[in-house]
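Look at the structure below. Keep it open while you read.

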Amino acid sequence: MSTALAAWLTEHHDAVLERWSAAIVAARTSNGHRVATDTQGGVVVQSAPPLTAAALAPIYHALIDATRGDHVNLREQLYAMVQLEQAGIPLPELLQFSFQLRRTTWEVMRENGLQPEQQFTLMADLETVLEQSVAYISQFWADQVDSAMQERMQEVTFLTERMATAVEEADRTAVNLTALNDTAARLAACMEHADPDEVLEVVSAQIMSLFEPQHLSVWLDDTPRSGETATRLLVLRVWGASVPELAQVQLNLTTAGTDAGEDPVLRAYLLGETVLELEPTADTHPRWQWHLPDHGIVAVPLIAHDRANGVVLVQASNAAAQFTLARQKLLIGLVSQLAIALDNVRLYQQVLSFNTDLNQLVEQRSGELAAEKERLQALQEISLEVSSSLDVDVLLKSSLHALADIVRAPYGSIMLVDRETDQLESRAVLGFPEVDTYVRFPMGDGVAGWVAFNKKPALIPDVTTDERWVMRPNQQMTGKQGGSMVAVPLIAHQEVLGVLTLSHTERDYFNADHLRLLTAAAGTIAVGVYNANLYTTIASTVAERSDALQRQRAESTHITSIMQSLTDGVIVCDIYGAVQLVNLATERLLMRPIEELLLQNLDDILRSLLTTRRDDLPLQDLLDRALDSEGAPRIFETIIEQHNLILNLKLSPVLSGEDDEMIGAILTIRDTTREAVADRLKTEFISTMSHELRTPMTAIKGFTQLMVMGNLGPLSETQMELMTTIQQNSERMIAIINDVLELTKIESGEIDLHMRPIHMAEALSGVMTDLAPRSAQRSHNLTLGIPPGLPLVLADATQLHKILYNLVSNAIKYTPEGGTVTVDAHEVQLADLPLKVRDRILADRTYLQINVRDTGVGISAEDQERIFDRFYRTENSLKIEAGGTGLGLSLARPLINLMGGEIWVESTLGEGSTFSFVLYAASHRI
Ligand code: ADP
C-alpha cells in the first residue's frame, strides 16, 4: 500500500496521462502502426484502437486504486486490455505500456523536482504495482491462449471423425457403383437378345450374390402396356427359398384399398416406394402367404415411365444387418436397373413387331401402287386415244378394250345417247357375238338407261336380283345370263353423252376400286366423245360456210363484172358515206380516176359535182332515213352539166335483201347529153314556133278587136258573133302560147329566179286586188288570213305572183256562185306536213305554208295528181264557163320546186279543194 504514490499520481494525473499517451503513440507509430484513424485521401488505414489520454484514464485510475491496495478495478481494466489484443494490440506492446508508464512517471517526478529518495520510494511502489499488472496481463493472456487452443482441438477431432466417415461412405459408394456398373454392363450385353428372362437372371444373380437373401421374387402386374389399368399382381420368378403356394399367389389390385396396402408387396406397388419390414415376427402377418417366417422383408417397386408395374421382393433372416441404408440404396439401384432393362426389352420387342408390321404395310402398299400404276397406264392410254382420235367409234372401241383388259372383265359396251330419239345406242361392244352387238335402250330403261337418266354409276353384285336389269332377247343364246355388272355415265359439260358398262359372269366381281377407275376413265372418254362431236359439227359448219362463201364470191364477181360493164356510172357508199365501189363508167363520165374516187366520201364527191345545188341530192338526209312514209326507198334526182356532158344523177338507198336494213347509198350517173340536146331542140322549136305564132295571133286579136269595136264599119249580128268568138279564141291561143313559152323557159333552164325575202301579205294583196272583181261577180266570200309576225318567205316575186294568181283564180273559177274562197299563210314544222310532201323536201329548215281553200266543185282522187300535168283539165260543171289552158298548175309545180318548195292538193268531189304549197321561211336561208 502506498498512499503517497496514490496521492502523487492523483496530483499529477493530467501531466502523467498526457505524457504516457504521447509515449505510447510515438512507440506505436515507429512500429509501423497508425494510431489515429485517417480517412483522408479516401484511404482507410487499419489501425489499433486510439490510445488517447482519455482512453488510458480508466487504467490510470485502476492503478491508483491498486496503489491503495484495491486490485479489483485494475484486474478488470487489464482483462479488457488483453481482450483488445484481438482488436490489434499484440502482447509485447501491451507489456511495453507498463515500461512507458514507468519512464513517464520518472520523468514527471524529475521535472517536478522530487527528491531522489522520494522518487525511489514512489518508483519502487510503482514498480510493485506495475509488476503486478504485468503478472495480471500475462495470466490473462495465457488463459486466453489456452481456451483458444481447447477450441481448436475440438474442431480438429470433429473434422477427423467426419473424414473417416466420408472415406467409409466413399468406399461403400464405390462398392455399390461397382456392383451397379457391373450389372449395367451385363444387362447391356443381354439387350442384344432382347430376352426378358436373361435380364431377370442377370439382376437376380447380382442381388443373390450381394445380399445373400433366403428369398428373392419378381412380381409383375397383368397389363404391362401403359395406359391400361392393371388388375392383378402375379409372381413371375422366384429365386432361393420358395413358399409352396407362391405360384398361385395373386394380389388383387382392383379391390386393394388403403388397408390392403398392409401387404408390403402391394404397398410397394401402389405407393411406388420401397417398403421395409426388417424385423417382423412369425405371426405378425398371417395373411402374407408369401412370407418366410422370421425373415425381414424389403419390397422394391419396379418403376418404368413414372409408374410401378411390378415389385421385387427380398426376404432375409438377417435383414436388419444386411440392409443398412447404403445397402438399401444399392438394392433400389439394382431394381431400377432391372425395371429399365425390362422396359427396354419390351420397347425393343415392340419396335421389332412395328418393323414387321411396317414391312407388311410396305408390301401391301407396293401391291396397291402396282395396281394403281396399271390403272393409270390404262387411263393414259385412253387419254392418248382421246387426244389423238376424233373418230368416235375408234375412240370408244379402244377405250372399252383397254378398260376391260385392266379390270379383266370379259363383257362390256359403250352406248351413246342418240339426240334425235333420246335413246341409248350401243357404239362399242366387247364379248358378245357380232349379231348381238346392236342394242337400243330408251332413257331410264335397263341398267344403262337408269345410269344415263340418274347420272349416277351403278355397281351391281348380282344382276339377276337387280330389278333394273333387263335381259336382252338373245342373251340366253350367248350363255351370259347372270353375274355382276358395273356401269358409269359418260358426262361432259354437265350433259350425259352415254354409258359405259362392264360385266362378268361371276357374282360380286366388281369392287369400289373398279368403279373408281371406270369413273375416272368415263370422264376422259366423255371429253373425247364431246370433242369428236364438236369437231363433226364444226367441220360441217365450216363446209357449209365455205360453200356459202364460194357462192358469195362467185356472185360478187358476177355483180362486179356486170357493174363494170354498165354504161351508167355507179358509186356505192356505206352508211357513213365512205365510197365502197366505183365502176369504170363513172371514171369516164366524171373524168376522175377510180382510185381517187375510192378514197373519198360520197358526200364530198356530190358537193364538188353539185356546188350550190348541194341540196338536190341530200346524202346525209337519205342515210338518216332510207324509206319514205309509204315504205318505198327515197330517191333523189338531179341533172348537172359537166365537161359538156349533161348528167342525170340519181341517189337512192342500198337496202339489204333480208330485212330492208340500209347498208349504204348508190349514186347512178347517166349521160343524158343526147336526150337533153334533143329535148333542147324540141323546146327551142316550140319556143320559136310559139314566138312565130304569137305575132300573127296578136295581129288577129288586134284586128278582130277593131272589127268588134266597129272601128272598121258596122257588122251584122252573125258577123259580130263570129268576130267575138274569133277574138276570144285568139286571146286563149295567146294565153296558151304565153304559157307554153313560160314552160319552155322553165324546161330549158332559162328562167332566172331572183330569190328574196317577201312578205306574204304584200304578195297576196296584189293578187287579191286583181281578182276581187271576178270574185265579186260570182258573189264569193273571199277572205285572206295572215297571222301577225309571220316570217318572210324566200321566193322570186314575179313567179310567186303568177303562182298565187293561178291558184286563187282557179278557186274562183271552180267555185259556184255564193261560195267561199279563203287564202291563208302560216309557219309550219316539217312534222305537221303530209308525209308525201315531207319526203320531197329538205328536213333541216322552217317553211311557210300557203293554203287556197274553196268550196267549189272539188277534184276526184284519180284526178288529183293528173291536174299538174300539162293541158289536163278535169270534167266538171264549170269547165266550160271557167275556160283555161290546163297549163297553170303544170307551170306552178316546177316553179315552186325550183324555189325549194312543194305543192299539193287535198279535195273532195262536190265539196271543195284546198291547194297548198310550202316555201322556205327567209330567216332560214343558208
Ligand atoms: P286551167 O287553165 O284549166 O285552170 P290549170 O292547170 O290551172 O288549168 O288547172 C288544171 C285543171 O285542174 C283545171 O282544168 C281544173 O279541172 C282543175 N282545177 C284547178 N283548180 C281547181 C279548183 N280550185 N277546183 C276544181 N278543179 C280545179
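This is a predicted model: local features need pLDDT of at least 70, side-chain atom pairs count only at pLDDT 80 or more; totals for chains, interfaces and linings use all residues.

Residues are numbered from 1 along each chain as its sequence is written, and side-chain values use heavy atoms, without hydrogens and water.

**The ligand site**

The ligand sits in the second largest pocket. A pocket is found on a 1 Å grid over the protein atoms alone, as an open set of points with protein on both sides within 12 Å along at least five of seven lines. A molecule sits in one if more than half of its atoms lie within 2 Å of its grid points.

There are 22 residues around the ligand; N810, R873, T874, T885 and L889 come nearest. A residue counts as near if one of its heavy atoms lies within 4 Å. The table lists polar contacts, which are pairs of N or O atoms within 3.5 Å.

| Side chain | Distance to a ligand oxygen atom |
|---|---|
| N810 | 2.9 Å |
| R873 | 2.6 Å |
| T874 | 2.6 Å |

The protein covers 98% of the 520 Å² of accessible area that the ligand has on its own. Such areas come from the Shrake-Rupley method with a 1.4 Å probe.

Helix α22 gives the largest share of the shell, 4 residues. Helices are DSSP runs of H or I with at least four residues; strands are runs of E with at least two.

**Salt bridges**

The whole structure has 34 salt bridges. Each puts a side-chain nitrogen of Lys or Arg within 4 Å of a carboxyl oxygen of Asp or Glu. One joins D393 and R427 at 3.1 Å, N to O. D393 is in helix α11 and R427 in strand β8, 34 residues apart.

Definitions and conventions: A polar contact is a pair of N or O atoms within 3.5 Å; within protein, one must be able to donate a hydrogen and the other to accept it, and residues adjacent in sequence count only if both atoms are side-chain atoms. On a 1 Å grid over the protein atoms alone, a cavity is a set of points where a 1.4 Å probe fits but cannot get out, and a pocket is an open set with protein on both sides within 12 Å along at least five of seven lines; lining residues have an atom within 4 Å of a point.
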